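Here is a short report on a structure that may be new to you. Look over the sequence and the model, then read on.

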Amino acid sequence: MNTPQQLAEVLTSLRVGNQSFLITFYEQNRDLFARWARRQHQLPAPEAHELLRTVLVEFYDQVSDGRLTKLPPDLRAYVYGMADEQVRAARTTAVLPKAEAGRRQRLLGLFRQLGLDSQKMLMYFYFRGYNFEKMAGKMGFANANVARMQKSICLRKLYELRLRTETAAS
Amino acid sequence: MTPPTPDLRPYLDELERFADGQMGAAEQEAFEIRLEQDPELYQAYQLYEQLSADLRWVAGHETLYQRLLSLDRRLDQRQEALARIKRRQRRLQRQWAVVGGVALVALVAVWWFLMRPASTSPEIAWTRYYVPDSGLTDEVIQESQRPLLAEAMRQYREGHYTPALYTLRRVPTSTLGQDTLTYYNGIFLLSQDDPEQVRAAQPFLRRVAMQSSSRLAGRARYHLGMAYWRNQQITAARNTLRSVANDTRNPYQEAARQLLRSDALPQE
């Protein structure tokens, strides 16, 4: 992951959903980051780990949204900078008002209200791109048709949840 | 404020079937024609596509989030396991140190125990095997005639060997046989249990032992042998005691045999 060629490939592979770069980054830097966060922000280890996870997910979002088109020359420094910003923002302002969160963030919130199996199924279908055959195998369904029906039910549940919250808001 | 979005629900089944490629050729063609002609269906289609895109984003976000979370748990478990192993190793080392310490102490104790009797064993062997002379009885002495001899014997029996020796030397030779005097001189010297006195006792005892006519010769030979042993003259002790052991008339025959049979007297 060190030559410019490989670095350039990182963004592309992240965009097509290959997250292994960030997983490896987390595994290699977790303890180092926790020490830095303790010294810099007096954060205990579990919270520092959570902060790094949040920052990496945010980084991933930036890449997949297209907000980040060029990999920063020093990724570690960039990630640390993001973490710094996050801690300071958390100190100066409270949690962002709900109304200001974007459409996708709202959908994310609703998504987390679903059951774990529903979440898993939607992640398999919409992120991993599994076909119904494979999804049936992963979830233990009898056949692809059952998987298709189940996914349909989950999508409907999520949509109805969104409809309900929107009518309640208006 | 955004205008209220139209309800997707009436179209959802169709849109899903279309998007997932579940329609037959004729059904798909008909749907595509309707899509161009029905503005409400078209709007629903666009909303559905937006929802799918959002859901793809959410699913990617959530997948990474959960992968990182489970990786975090795994790393925590690994660190905990490593710490546990290290703790166990340290505990084991401590236990071994304690065991080693105890073993060392035990070893030192055993060594001390084994070495201690070696230094005292001659004393123990001496008190075990030496049969002291009982001295002359009162009937033999006839106190009224030989008061000094009686005094010497009393002191001897009470364990005051040096005064006994002085008293004995004051006994006039006319009242007592020369061999008896010489014999008890040797006995009193030997009884003092001092290396020099033991050596000094030897000539007295030897002189009596040489006088085959004396009744004390056999006894003197035994005490002479014991004096050799006490003085670590092993060969002389062995030879002298062997002759005592072979002499059936010697009152110390059994004592000499016992000592010769035991390993207290080193083999040649």
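Helices (H or I, at least four residues) and strands (E, at least two) are DSSP runs, numbered from the N terminus. Read along its sequence, chain B then follows the pattern α-α-α-α-α-α-α-α-α-α-α. That is 11 helices and zero strands.

This is a predicted model, in which local features need pLDDT of at least 70, side-chain atom pairs count only at pLDDT 80 or more, and totals for chains, interfaces and linings use all residues. Residues are numbered from 1 along each chain as its sequence is written, while chains are lettered from A and ligands numbered from 1 in the order in which they are written.

**The two chains**

Two terms come first. A residue is buried if 20 or more other C-beta atoms lie within 10 Å of its own, exposed if 12 or fewer, and partly exposed in between; C-beta atoms are placed from the backbone. Two residues are in contact if their C-beta atoms, placed from the backbone, lie within 7 Å.

Chain A has eight helices and zero strands. From the N terminus on, its elements run α-α-α-α-α-α-α-α. Of its 170 residues, 24% are buried. In chain B, buried residues make up 24% of the 268 residues. Among contacts in chain A with a separation of 6 or more, 53% join residues 24 or more positions apart. In chain B, 46% of the contacts between residues at least 6 apart in sequence join residues at least 24 apart.

**Where the chains meet**

In all, 29 residues of chain A are in contact with 23 residues of chain B. Five helices of chain A each supply at least two residues of the side that touches chain B: H2 (20-41), H3 (45-65), H5 (103-111), H6 (116-128) and H8 (144-169). H3(A) gives the most, with seven residues. By class, this side of chain A has 15 nonpolar, seven polar and seven charged residues. Here Ala, Val, Leu, Ile, Met, Phe, Trp, Tyr, Cys and Pro count as nonpolar, Asp, Glu, Lys and Arg as charged, and the others, Gly among them, as polar.

UniProt, in an unreviewed entry, lists a "coiled-coil region" at residues 68-95 of chain B. It also lists a "transmembrane region" at residues 96-114 of chain B, again from an unreviewed entry. UniProt positions are given in the numbering used here, feature names are shortened, and annotations may be inferred rather than shown by experiment.

**Helix H6 of chain B**

Which residues of helix H6 (residues 161-169) of chain B are buried? They are Ala164(B), Leu165(B), Thr167(B) and Leu168(B). Seen down the axis of H6(B), these buried residues fall within an arc of 165°, so they line one face of the helix. The arc is that of the directions from the helix axis to the C-beta atoms. On the other side of H6(B), Tyr166(B) and Arg169(B) are exposed. What covers the buried residues of H6(B) includes helices H5 (147-158) and H7 (178-191) of chain B.

**Asp133(B)**

Asp133(B) sits in the loop between helix H3 (39-129) and helix H4 (138-141) of chain B. With 19 other C-beta atoms within 10 Å, Asp133(B) is partly exposed. Leaving aside neighbours within four places in sequence, Asp133(B) is in contact with Ile187(B), Arg219(B) and His223(B). The C-alpha atoms of Asp133(B) and Ala220(B) are separated by 9.8 Å, although these residues are 87 apart along the chain.
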